[in-house]
Amino acid sequence: MLAITVTISLTGLANQLALSVIERTNEISMLRALGTRRGAIRMSIAIEALVLTVIGTVIGLLVGLPLGLAGVKAQIGGMTGQFTTRLPWDQISVLIPVILIAGLLASTIPARNATRIQAAQGLTS
């Protein structure tokens with residue numbers, strides 16, 4: 001279930017980055033015309049992907065953990081007199097770097113498309 005969720009999230013992230021590249025075609029071509037290197041544009045897209053990934057991860061943890069605990073307590077807490085929880089911090093600490101790496105991988109295709117924009121393309125429109 002987690003793999004499906006991460007796959008859907010990465011698809012959404014790649015879609016958002018692709019739309020960002022399309023919307024900023026003129027800006028990227030102007031930067032290319034001014035002499036910005038392709039690596040700098042790729043880095044810009046990668047940083048944007050990391051920022052979106054970190055924000056999504058933090059919001060997901062801040063909202064998902066309390067809601068998950070509330071759901072478990074609602075289902076199991078009424079059956080037993082005592083209710084104790086232990087969050088899987090070891091799994092969460094392993095999952096966060098994997099999510100960041102996956103976010104960087106989701107930025108590769110939009111970054112490649114951004115670096116293929118010709119400098120003259122934005123100057124003509």
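A pocket here is an open set of grid points with protein on both sides within 12 Å along at least five of seven lines, and its lining residues have an atom within 4 Å of a point. The model discussed is a predicted one.

Q: Which helix gives the most to the lining of the second largest pocket?
A: The second largest pocket has a volume of about 270 Å³, and among the residues that line it are Leu2, Thr5, Leu52, Leu95 and Gly103. At least two lining residues come from each of α1 (2–23), α3 and α4. The largest contribution, 6 residues, is made by α1.

Q: How many charged residues are in the lining of the second largest pocket?
A: Its lining includes Val6, Ser9, Leu10, Leu13, Thr53 and Ile99. When the lining residues of this pocket are divided by type, 7 are nonpolar and 4 are polar, while the number of charged residues is given as no charged.

Q: Which helix gives the most to the lining of the largest pocket?
A: About 330 Å³ of space lies in the largest pocket, and of its 17 lining residues, Leu61, Gly64, Leu65, Pro88 and Ile92 lie nearest the centre. Both α3 (38–77) and α4 supply at least two residues of this lining. With 9 residues, the helix that gives the most is α3.

Q: How many residues in the lining of the largest pocket are charged?
A: The lining of the largest pocket consists of 17 residues. These residues divide into 10 nonpolar and 6 polar, and the number that are charged is 1.

Q: How far apart are the end C-alpha atoms of helix α4?
A: Helix α4 covers residues 89–106, which makes 18 residues, and at 1.5 Å a residue it should span 26 Å.

Q: What arc around the axis do the buried residues of α4 cover?
A: The buried residues in α4 are Ile92, Ala102, Gly103 and Ala106. They are placed on the same side of α4 because the arc that they cover around the axis is only 100°. The face of α4 turned away from this buried side carries the exposed residues Val94, Ile101 and Leu105, whereas the arc of the buried residues is 100°.

Q: What arc around the axis do the buried residues of helix α5 cover?
A: In helix α5 (residues 108–115), the buried residues are Pro110, Ala111, Ala114 and Thr115. They lie on the same side of α5, because the arc that they cover around the axis is only 135°.

Q: Is Thr115 buried or exposed?
A: Thr115 is found in helix α5, and, leaving aside residues up to four places away in sequence, Thr115 touches Arg38, Ile41 and Arg42. Buried means under 20% relative accessible area. Because its relative accessibility is 5%, Thr115 counts as buried.

Q: Is Leu62 buried or exposed?
A: Leu62 is found in helix α3, and its C-alpha atom is 17 Å from that of Pro97, 35 residues apart in sequence. A residue is exposed when its relative accessible area is over 50%. With a relative accessible area of 63%, Leu62 is exposed.

Terms used: Residues numbered from 1 in each chain as written. Predicted model: local features only at pLDDT ≥ 70, side-chain atom pairs only at ≥ 80, totals over all residues. Heavy atoms only, no water. Buried < 20%, exposed > 50% of the residue type's maximum accessible area, 1.4 Å probe, protein only. Helix = DSSP H or I, 4+ residues; strand = E, 2+ residues; numbered from the N terminus. Arc of directions from axis to C-beta. Expected span 1.5 Å × (residues − 1). 1 Å grid on protein atoms, 1.4 Å probe; cavity = no way out; pocket = protein on both sides within 12 Å on 5 of 7 lines; lining within 4 Å. Points joined across faces, edges and corners; volume = space filled by probe spheres on them. Nonpolar A, V, L, I, M, F, W, Y, C, P; charged D, E, K, R; others polar. Contact = heavy atoms within 4.5 Å.
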